Amino acid sequence: MTQRCNSYYTATLNQDTDYPTLQGRHRVDVVIIGGGFTGVATAVELAEKGLKVAIVESHKIGWGATGRNGGQVLSAQREFC
Ligand SMILES: Cc1cc2nc3c(=O)[nH]c(=O)nc-3n(C[C@H](O)[C@H](O)[C@H](O)COP(=O)(O)OP(=O)(O)OC[C@H]3O[C@@H](n4cnc5c(N)ncnc54)[C@H](O)[C@@H]3O)c2cc1C
């Protein structure tokens, strides 16, 4: 099983998750490859609209850049000419 990377997020997890390996055939409306911010946010949006969604993640949810980033949110106003 894939281990989580050594990060702040791993160190402060409230609850670890361990989902089963994909096996067999499944019927869903949308398959999302990758359980980072992008995939999980898309899955939530679609599920809230009533679609049956599957996320296929090769490691663990949040294993990629999502689980390693600095958490900085910057705002900026730009003027385009
Ligand atoms: C060190 C670092 C610091 C950062 N700091 C900031 C910051 O401070 N502020 C900010 O806004 N952004 C930051 N970012 C950027 C931000 O983290 C990323 O833009 C964002 O997490 C991308 O999310 P994602 O879901 O698109 O990709 P990811 O989180 O990378 O998710 C992609 C997932 O897809 C999975 N995957 C890939 N290929 C397959 C496959 N074939 N089958 C199954 N699964 C697959 C991967 O395992 C991974 O879990 C940082 C990034 C890094 C690396």
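Helices (H or I, at least four residues) and strands (E, at least two) are DSSP runs, numbered from the N terminus. With that in hand, welcome to a predicted model, in which local features need pLDDT of at least 70, side-chain atom pairs count only at pLDDT 80 or more, and totals for chains, interfaces and linings use all residues. Residues are numbered from 1 along each chain as its sequence is written. The protein holds 2 helices and 2 strands, and from the N terminus on its elements run α-β-α-β.

**Overall dimensions**

- The radius of gyration of the protein is 16 Å, whereas a compact globule of 81 residues would have one near 12 Å; the value is taken over C-alpha atoms, and the globule rule is 2.2 Å times the number of residues to the power 0.38.
- Along the principal axes, the C-alpha atoms fill a box of roughly 55 × 35 × 20 Å.
- Of the 81 residues, 5% count as buried. A residue is buried if 20 or more other C-beta atoms lie within 10 Å of its own, exposed if 12 or fewer, and partly exposed in between, with C-beta atoms placed from the backbone.

- Strand β1 (residues 30–33) and β2 run parallel and are joined by 4 bridges; two strands pair if DSSP finds at least two bridges between them.
- The chain passes from β1 through α2 to β2 in a right-handed β-α-β crossover. Right-handed here says that, with the strands pointing away from the viewer, the path from the first strand over the helix to the second runs clockwise.
- V30 stands opposite V53 in β2, and V31 has A54 as its bridge partner in β2.

**Helix α2**

- The 12 residues of α2 reach 16 Å from the first C-alpha to the last, close to the 16 Å expected at 1.5 Å a residue. That expected span is 1.5 Å times one less than the number of residues in the helix.
- After α2 comes G50, with a positive phi near 95°.

**Around the ligand**

- The shell has 20 residues, of which G34, G36, G64, T66 and N69 come nearest to the ligand. A residue is near a molecule or strand if its C-beta atom, placed from the backbone, lies within 6 Å of it.
- Helix α2 (residues 37–48) supplies the largest share of this shell, 3 residues.
- By class, the shell has 5 nonpolar, 13 polar and 2 charged residues. Ala, Val, Leu, Ile, Met, Phe, Trp, Tyr, Cys and Pro count as nonpolar, Asp, Glu, Lys and Arg as charged, and the others, Gly among them, as polar.

**T10 and G62**

- T10 sits in helix α1 and counts as partly exposed because it has 16 C-beta neighbours inside 10 Å.
- G62 lies in the segment after β2 and is buried, because 22 other C-beta atoms lie within 10 Å.
- T10 and G62 are 52 residues apart in sequence, yet 9.6 Å apart in space, C-alpha to C-alpha.
- G62 and G39 are 23 residues apart in sequence and 9.7 Å apart in space, again C-alpha to C-alpha.

- Q3 belongs to the segment before α1 (8–11), and it counts as exposed because it has 9 C-beta neighbours inside 10 Å.
- The C-alpha atoms of Q3 and L51, 48 residues apart along the chain, are separated by 30 Å.
- F80 is placed in the segment after β2 (53–56), and it is exposed because 3 other C-beta atoms lie within 10 Å.
- Between the C-alpha atoms of F80 and G70, 10 residues apart along the chain, the separation is 28 Å.
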